[in-house]
There are 6 protein chains.
Amino acid sequence: MKTAIYRKSNFCSAHRLYRKEFSDEQNLAIFGKCSSPNYHGHNYTLIVKVVGETDPETGFVIDMKILAQLIKEHVEDKFDHKNLNLDTEYFKTLNPTAENIAKIIYEILRPKIDARFELGIRLYETEKNFVDYPA
Amino acid sequence: MKTAIYRKSNFCSAHRLYRKEFSDEQNLAIFGKCSSPNYHGHNYTLIVKVVGETDPETGFVIDMKILAQLIKEHVEDKFDHKNLNLDTEYFKTLNPTAENIAKIIYEILRPKIDARFELGIRLYETEKNFVDYPA
Amino acid sequence: MKTAIYRKSNFCSAHRLYRKEFSDEQNLAIFGKCSSPNYHGHNYTLIVKVVGETDPETGFVIDMKILAQLIKEHVEDKFDHKNLNLDTEYFKTLNPTAENIAKIIYEILRPKIDARFELGIRLYETEKNFVDYPA
Amino acid sequence: MKTAIYRKSNFCSAHRLYRKEFSDEQNLAIFGKCSSPNYHGHNYTLIVKVVGETDPETGFVIDMKILAQLIKEHVEDKFDHKNLNLDTEYFKTLNPTAENIAKIIYEILRPKIDARFELGIRLYETEKNFVDYPA
Amino acid sequence: MKTAIYRKSNFCSAHRLYRKEFSDEQNLAIFGKCSSPNYHGHNYTLIVKVVGETDPETGFVIDMKILAQLIKEHVEDKFDHKNLNLDTEYFKTLNPTAENIAKIIYEILRPKIDARFELGIRLYETEKNFVDYPA
Amino acid sequence: MKTAIYRKSNFCSAHRLYRKEFSDEQNLAIFGKCSSPNYHGHNYTLIVKVVGETDPETGFVIDMKILAQLIKEHVEDKFDHKNLNLDTEYFKTLNPTAENIAKIIYEILRPKIDARFELGIRLYETEKNFVDYPA
C-alpha cells in the first residue's frame, strides 16, 4: 500500500477576480466584493501531497527537506508578498480564483516531482474556503 | 481533472443520543454520557465539499456565495441554536449521532446542488470526533 | 518575577439564556436565539491560569497533574454532557452566560487552590466569543 | 472584579508598507518584501476586548450581538476586500502596519463603546505576527 | 454509501532518524538535523479513520468510546512520553519516520478492528509535516 | 499608550524531568511519565512579546524581521532538534520544565533587545499546557 506525505506552507498575496472585457459593474455583479478594483489579499495556506512507496532504506516517501525547498523556490518565492494579477506570469488573463491558483501550482510542481509519485494540491484562501486539485 | 471546493460553517445545537423504547439505564449503558436525559450540546463544524469541473469563464467550480447561502438557509437556519431532537423534523426517531446528522445534511443539500457535481459532508462534533458522508 | 501556567480543557453542555419571570417572547427580544426554549449547546473550552513563584526544587509553579485533576473533578465532571440550566446547582436562577459560567468556575476552583496563587479563568463559548474572569 | 469579553472577526485586505517620499529601493531596504509596489494582502483576524462589570440582570458585560454589529459596520465593511492604502481614508499617509491598523481600529471603535468599558484590540496579520493596542 | 469516522489523539515522544550501520556524519548528510545523536521529539497528532456502514440501531459506524480505548491502550500507552527508538519494540531497526510510525500504528490497530471496516491512519509529526497510511 | 507585538516560532526538542540526586523511582513519583529515563519530546511553540512605543516614522514597535532573526539565532538554533538536557548548556542541572525553559529564553533574549522595550515569553509545551514568563 502507498503512503501520502503532506507539506504545509504559506504565502500572502493580493489579487482581484475580474475579466478585463467586463466593466467594473459587470465584474461586481459576477464576482462580488472579490472584484474590488484596487485588489484585496489573503494569507494562502498551501498543502502539497505526494503519494508513493516508502523507501525501505530511508523510511521516506520523498525527502521532506527537498519537497519544502521545491515549494519555497517555485511557489513561495513567486507568489509571496506579490500581486497575483500584476506580478506573476500566470494570471495575466487567467482569473486567480482558488481553483485556478491550485491548478497553476499543480502545473508548476508536477514536472519538478518524479512521475512515479502522485501529486495533489490543497489551497486555503481563507479558513472557510478551500480547494483540492485534483479532487 | 476535477477540482473539489470546500465551504466551512458552524452551528451550535443541543442533542441527546437515546432510543425512546429503552429506559434511561439502558440508554446509558449503550450511549454513555451522550444519553444524559436533559441534553448536552456541541459547536458543530460543517465542511461541505462540491466536486466538479472549473468553469473556464469564471474560474469557479460553483459560486461560493451561492453555496454559502444554501448552507445558511437549509442547514444553519434549521439547526443553529436548536435542540436537534426536539426542534427539527429529522431526529424525532433517528438518533442524532454525527453519522446521522452528516447523512441528513447530505440528503438536505443533494437536491439543491446540480447533479453534475459530487457532494460530500464532513461534520465535526468536537475537535476529536468527526465523520465524512459519504466516506 | 512570577510565572503563569495555563491548563486547557473542554466540556460539552446544553444551555439556554432566559429569565423565568419573562415570557418566551420577552426572552427572545433580549437574548435572541440563545433563548431558544428547548436549549442549544456548545463545546466550551476552558483555560485555567495559575500565577505564582516557580518552585526551585521541581521547576513547577504548581503540579499540572494536580491542577488537571482539580479541573476534571470539579468542573468537567459537573458540566460535561450536562444541561447547565437543569443539571447543575449553579444556574437554577443565574443565567448561564459565558461571563457567569466563568465566574462560577472561578468560585468553584478558588478555594481548591492555595491562596498564594492568583487564579484566572478563560472560557470560550465558541471560537469567536470568549471571556476572562477576572479581566 | 471585572470581566473581559472578546469577539473575533476577520477581514481580507491588500496593503503595502512604504513612505511616498522614499524611492522603491529605499522602501525595500526599510520595509523588505512588505514594500512590494503592487501590494500583497492578508487575512487579518481581529479580536476586540471589552472590559467591564457583568450586568446582574442579563449576565452580559455587553450584548455580544451589538458588539459584533459595531465591528461589522465600522471595521469589516470598511476594510474587508479593500486595499488599505488606496480604498480607506486612514492610510493615505499612515503606514498600514499591524501596529497602526490596530490603533486605527481602536480609535474607530472607542467612541462607539460606552466610556465605562475598557477597550483593547488584538490584530493578527498572520498566524505568526500579531499586535495588541493598547499593550 | 459508507461513512468514515475519525478519532483524534496525541502522544509526545522522542526519536532519532538514523541507521546504525552509518556514522553520525553519514546520518547527518542523509537525515539532517533529525539525526541529532541525543534525540529530539514531537507532539504527534494521530487521526484514526474507520470506514463502514452506519448501524441503523445505534446510528454509529463503530462505538467511538471503544475506538478511543483501543487507541489509548495500543498506541498512546506504548508511545506517549517514550523514546520511540529505545523504549518500543518497533523501531529497534526500523527508522521512526512519520511514514513508518503511521504504518506501524496501522499494523497494531488493524487486527483489533473488525475486518469489515476499512482503516486509515493520519499522523502529524508537526503542524507542517504529516502522512496518511494507506494513501 | 504602548503597543505589544508578538512573534510566534517553533522548536522540536527531547527532554526529561528529573533530578540527578533522586532514583528513577523517586523521579517517577514526583515527575510522573515526564521522568521517563530515555527522554520524550515536544513541538514547543514560542511566542515572544515586545512592548513599546510605535515609531511614527516606520509604524513599527520593532522590526519583526530583526526580532524573528534574534529568535532563530538565539533560541531555535540552540534548541530545535536537540535534547534539552544533554545538548544545551542551560539544563545540565536545571529541570527543563516549561516554566524553566520560558525563563531561560527570557534571560537569553533580554540582553539582545533594547532595554526600553518590555519582554514577555509564552511557551506552549503542548496545546493544553503553557506558561508565561513573566506572568
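Predicted model: local features only at pLDDT ≥ 70, side-chain atom pairs only at ≥ 80, totals over all residues.
**Chains and interfaces**
- The interface residues of chain D are 100% shared with the interface residues in chain A, so these copies meet through the same surface.
- Chain C and chain E have no contact joining them, and their closest C-alpha atoms are 14 Å apart.
- Chain A and chain F aren't joined by any contact either, with the closest C-alpha atoms lying 14 Å apart.

**Aromatic rings**
- Searching the whole structure turns up 54 aromatic pairs over all chains.
- Take Tyr90(A) and Phe91(A): the ring centres are 6.3 Å apart and the planes are at 65°, so this pair is edge-to-face.
- Phe91(A) has a relative accessibility of 2%, so it counts as buried.
- Over in chain C, Tyr90(C) and Phe91(C) make an edge-to-face pair, at 6.3 Å centre to centre with 65° between the planes.
- Both Tyr90(C) and Phe91(C) are buried.
- Back in chain A, ring pairs tie Phe11(A), Tyr44(A), Phe79(A), Tyr90(A) and Phe91(A) into a cluster.

**Charges over rings**
- Arg16(C) puts its charged end over the ring of Tyr18(C), 3.8 Å from the ring centre.
- In chain F, the charged end of Arg16(F) sits over the Tyr18(F) ring, 3.7 Å from its centre.

How values were computed
Residues numbered from 1 in each chain as written. Chains lettered and ligands numbered in written order. Heavy atoms only, no water. Contact = heavy atoms within 4.5 Å. Phe/Tyr/Trp six-rings, centres within 6.5 Å; stacked < 30°, edge-to-face > 60°. Buried < 20%, exposed > 50% of the residue type's maximum accessible area, 1.4 Å probe, protein only. Lys NZ or Arg CZ within 6 Å of the ring centre and 35° of its normal.
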